[in-house]
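Hi,

Here is the model I said I would pass on. Have a look when you get a minute, and my notes come after it.

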Amino acid sequence: MAMVQGTDGGKETLAKIGGEFTQQSLREKELHNTLFGYSQSLLPKYGHQWNIHSLVMMKRQSLSRVLYYNEIYQKIVNVPGVVCEFGVQWGATMAQLINLRGMYEPFNHSRKIFGFDTFEGFCDVDAKDGGFSSVGDYATTDGYELILDEILTIHESFNPIPHIKKFELVKGDASKTIDVWLQKNPHAIISMAIFDMDVYKPTRDVLEKILPRLTKGSLLVFDEVNCPHFPGETAAVSEVLGLNNIALRRYPHQPYCAWAVFGG
């Protein structure tokens, strides 16, 4: 659903395509679709090394995100606890976290990674979300969490200690599932909490409820803070933590991503 449309290839377009936010210009969309077409036709021809050869299609924005998570993951290597990602969608970040764990702390089987998502898109949109988001945005396909579980299991199998499952997907509204998770995991310290739910209510609810499980040095990671299109995330952070009480930091190649070291 397009919200604003540019008049030529050089102008920015604010739109939702398939329920997902984009700021690509018309020209960028054309080039993006061209790469997609090449990807579809070439993937079956790459052979056994398809996973490497397919990197020819990786855009600068995707590489920037990979480098971003590579940098922030290293900040928690010396902090005990689990990782929680709130807002998983298709699972790209979950897969990267599993692989980063295998690279930086391959034998730390206590670093379990939990992914929370409805897998049905936004289930609640508040007035504080600014009117851009809609219920159902960022939905995956029906039953996708089962496919994702298998994909992540394969990724984990390439790393040490694969017989111990070190990730879990939690399906449902995180405002509610976080209560059950906290009860089931009374031992869990959260070393890193990634907030990628975009909208106000679940971000505020979860952030408020996990505070007692953070330690000094825990990382709070926000995907849409200071983003005019998703103001609800900033509102939630402001109400729960107080912007004056935290030192937010950013990565040069990620315009809306930021993190704060809890207690730091």
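Predicted model: local features only at pLDDT ≥ 70, side-chain atom pairs only at ≥ 80, totals over all residues.

Numbering runs from 1 along each chain as its sequence is written, and side-chain values use heavy atoms, with hydrogens and water left out.

The sheet is open and mixed, with 7 strands in the order 5-4-3-6-7-9-8. (Helices, H or I of at least four residues, and strands, E of at least two, are DSSP runs numbered from the N terminus; two strands pair if DSSP finds at least two bridges between them.) Strand 5 (167-171) and strand 8 (249-250) sit at the edges with a single partner strand each, so one side of each has no neighbour in the sheet. Strand 3 (residues 82-86) runs parallel to strand 6 (residues 190-195), paired over 5 bridges, and Val82 stands opposite Ile190.

Now the cores, meaning sets of buried Ala, Val, Leu, Ile, Met, Phe, Trp, Tyr and Cys residues joined through side-chain atoms within 4.5 Å (buried is under 20% relative accessible area, 1.4 Å probe, protein chains only). The largest has 27 residues, and Tyr68, Ile72, Leu152, Met192 and Val221 touch the most other members. Helix 4 gives the largest share, 5 residues. Apart from that core lies another of 26 residues, including Val82 and Phe114.

Cheers

Methods
Buried < 20%, exposed > 50% of the residue type's maximum accessible area, 1.4 Å probe, protein only.
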